[in-house]
Amino acid sequence: MASGAVPSSFTGLKSRDGQGLGFAKGSGLVRVLDLNRIKFRRTKVVPVIRNSTNPGSEQTVQLEPASDGSPLLVPRQKYCESIHKTIRRKTRTVMVGNVALGSEHPIRVQTMTTTDTKDVAATVEQVMRISDQGADIVRITVQGKKEADACFEIKNSLVQKNYNIPLVADIHFAPPIALRVAECFDKIRVNPGNFADRRAQFETLEYTEDDYHKELEHIEQVFTPLVEKCKKYGRAMRIGTNHGSLSDRIMSYYGDSPRGMVESAFEYARICRKLDFHNFVFSMKASNPVIMVQAYRLLVAEMNVLGWDYPLHLGVTEAGEGEDGRMKSAIGIGTLLMDGLGDTIRVSLTEAPEEEIDPCRRLANLGMSASKLQKGVVPFEEKHRRYFDFQRRSGQLPLQKEGEEVDYRGVLHRDGSVLMSVSLDQLKTPELLYKSLAAKLIVGMPFKDLATVDSILLRELPPLDDKDSRLALKRLIDISMGVITPLSEQLTKPLPNALVLVNLKELSTGAYKLLPEDTRLVVSVRGDEPVEELEILKSIDATMILHDLPYSEEKTSRVHSARRLFEYLDENSLNFPVIHHIQFPDKTHRDDFVIGAGTNAGGLLVDGLGDGILLEARDQDFEFVRNTSFNLLQGCRMRNTKTEYVSCPSCGRTLFDLQEISAEIRERTSHLPGVSIAIMGCIVNGPGEMADADFGYVGGAPGKIDLYVGKTVVKRAIAMEQATDALIELIKEHGRWVDPPTEE
């Protein structure tokens, strides 16, 4: 029998025919045991709930399965203030030392030290560097009594040096240590997955209702002293759930899921509220941006139902390093910022902590700007986007038509397409162009490979008498690479078998009819046009649509205009593939390029909206733009073209040099698309945190490494000097190794 879960404040559940639904109460949720009547997404369950902030009031809340046939019931109540523009979610103010968090204040940026906490001088120096870079808050790992004692010295030393930046203690498995450090630090981060529960063994456990409630009583007994101490000293708290470190109890009851993440945090929040403590924030971190976004949305939807207004700390955990880490963070954090969610953020990079502050600030500024301007589009009704579960809207890939001279089926890729803008100058050196498009060369002729660009945009065609450039284009077309060119160019300098770019005006005036009847069309659409202008799409056969909103638009939101476009297409059963086309202005900083792409395109792809990307930046290195494009698709769990790395950002628990080891492992394994490798500094960020990884490299003791396959340790205490070789042997043993390609 299917089952789902809804908050226990829901009373009087009724099905559409008025019959009561069977339920069993447990852990503050009602598990709905009869979903036979709840088969379709638009089916409603309408219970009456009591709002916890006003016990005497009642309101009607509509629930629905997260997707067709899903056992997860979610509130139909909004997860954000507006679906058509960025309005910041209203929250209470939470004080972290002298820094105020919440919707009435700027989005705060923070990071975490990587020094050994017992090394007071080194930790103080690092905190000062972080503060000098502009961080608002800094977190320090506190794993034992010696570290807790050092925290008093760290705090005193910083105060003496006139550094009053709030300090946060990061606590795992150590309630007594949390009590100790609450006397000197401004905020305590607790992980609900391991604060009172034992370390997860990834066992499926069976609980009676009594057993489950006894576990909750144990949590309350362990957690209450810390809450009371935080109240006494005026401290803040972060209830920080991590996808990879849920307890066996939660995973057995709710699964390794966003649902389990939310309930794990709510168990602790209910204790705080019972004790009249409200100076806390939530976080729902995951290394997978898609899971992270879903978890925060579900958290906010349920908080809205309950009348809770606690701020949010946003982050993608174990994001990695370089552009990869920035991209994953932008996809997850940026998506939520565009919905007005988030009050403090951290970009977790496998780099020095002070290096996190600049990209973090850029993301925060992007979110603040969007909410200040309330960037959006005119109101529209949204019926088709999936808020809480991922289901990709796949546009119809090109089909071959009778009589066509070339194969158009390769101009888009089923797992997500990468398009690139190419200049006339690049055509003058064809072999260099082929290589820059990541095509394989065999005797000077191009062939498509796993990570070859699918189509190119050529804004200007070479003259008719430029035979070399036209031959280069023909060779690309012959390998099923699309060549897209504007209507005016194709009419004056026609290129056989090119795809022609037209806008809605050129469609409505009929200018495109000057082309041969079988010409393939690519339509550029802003997304904010009046519906009357979009109607022309019903009468044409487009190979793809480019969603292209000029970067100069200050108040119109790219994310919201695209959602409006997808809503129109779905409502009218138009299954054209849609490519997110972003043209960045000259002199765009590299981090702004990555963050802008991750937020504006990734924020749609994590909802399954879109079939690919076309990023343009005339003054950026071509290879950088191409790699960023593929990184974006992989970060959104679409097209996998290289090894996936899950690497923690390092902290005082780390047992080896993460940056050095990560670089070493990447150098030797980066040619393994489809393989995911987790690089974790210690067991706290061990098997659970690398939930998505195939293989794991985890610090087990100083100088010793444990190797994992999935969540299972298979080799222990390997000397670090031999650990990378042992990892490669493990990959080979499981049939996942291929030799790196040889350079021509």
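Start with Arg139: at 5% relative accessibility, this residue counts as buried (buried means under 20% relative accessible area, exposed over 50% and partly exposed in between, with a 1.4 Å probe and protein chains only). Arg139 sits in strand 12 (residues 137–141) and Asp170 in strand 13 (residues 167–171), so the pair ties together parts that are 31 residues apart in sequence. Helices (H or I, at least four residues) and strands (E, at least two) are DSSP runs, numbered from the N terminus.

A word on the model: it is predicted, so local features need pLDDT of at least 70 and side-chain atom pairs count only at pLDDT 80 or more, while totals for chains, interfaces and linings use all residues. Residues are numbered from 1 along each chain as its sequence is written, and side-chain values use heavy atoms, leaving out hydrogens and water.

Now to Arg346, which is buried at a relative accessible area of 3%, and Glu356, buried at 1% relative accessibility. They form a salt bridge with their closest N and O atoms 3.1 Å apart. Arg346 lies in the loop between strand 18 and helix 9 (354–373), and Glu356 in helix 9, so parts ten residues apart in sequence are tied together.

Elsewhere, salt bridges that share partners join Arg297, Asp339, Glu382, Arg385, Arg563 and Asp607 into one network. Across the whole structure, the search finds 53 salt bridges.

Conventions. A salt bridge is a side-chain nitrogen of Lys or Arg within 4 Å of a carboxyl oxygen of Asp or Glu.
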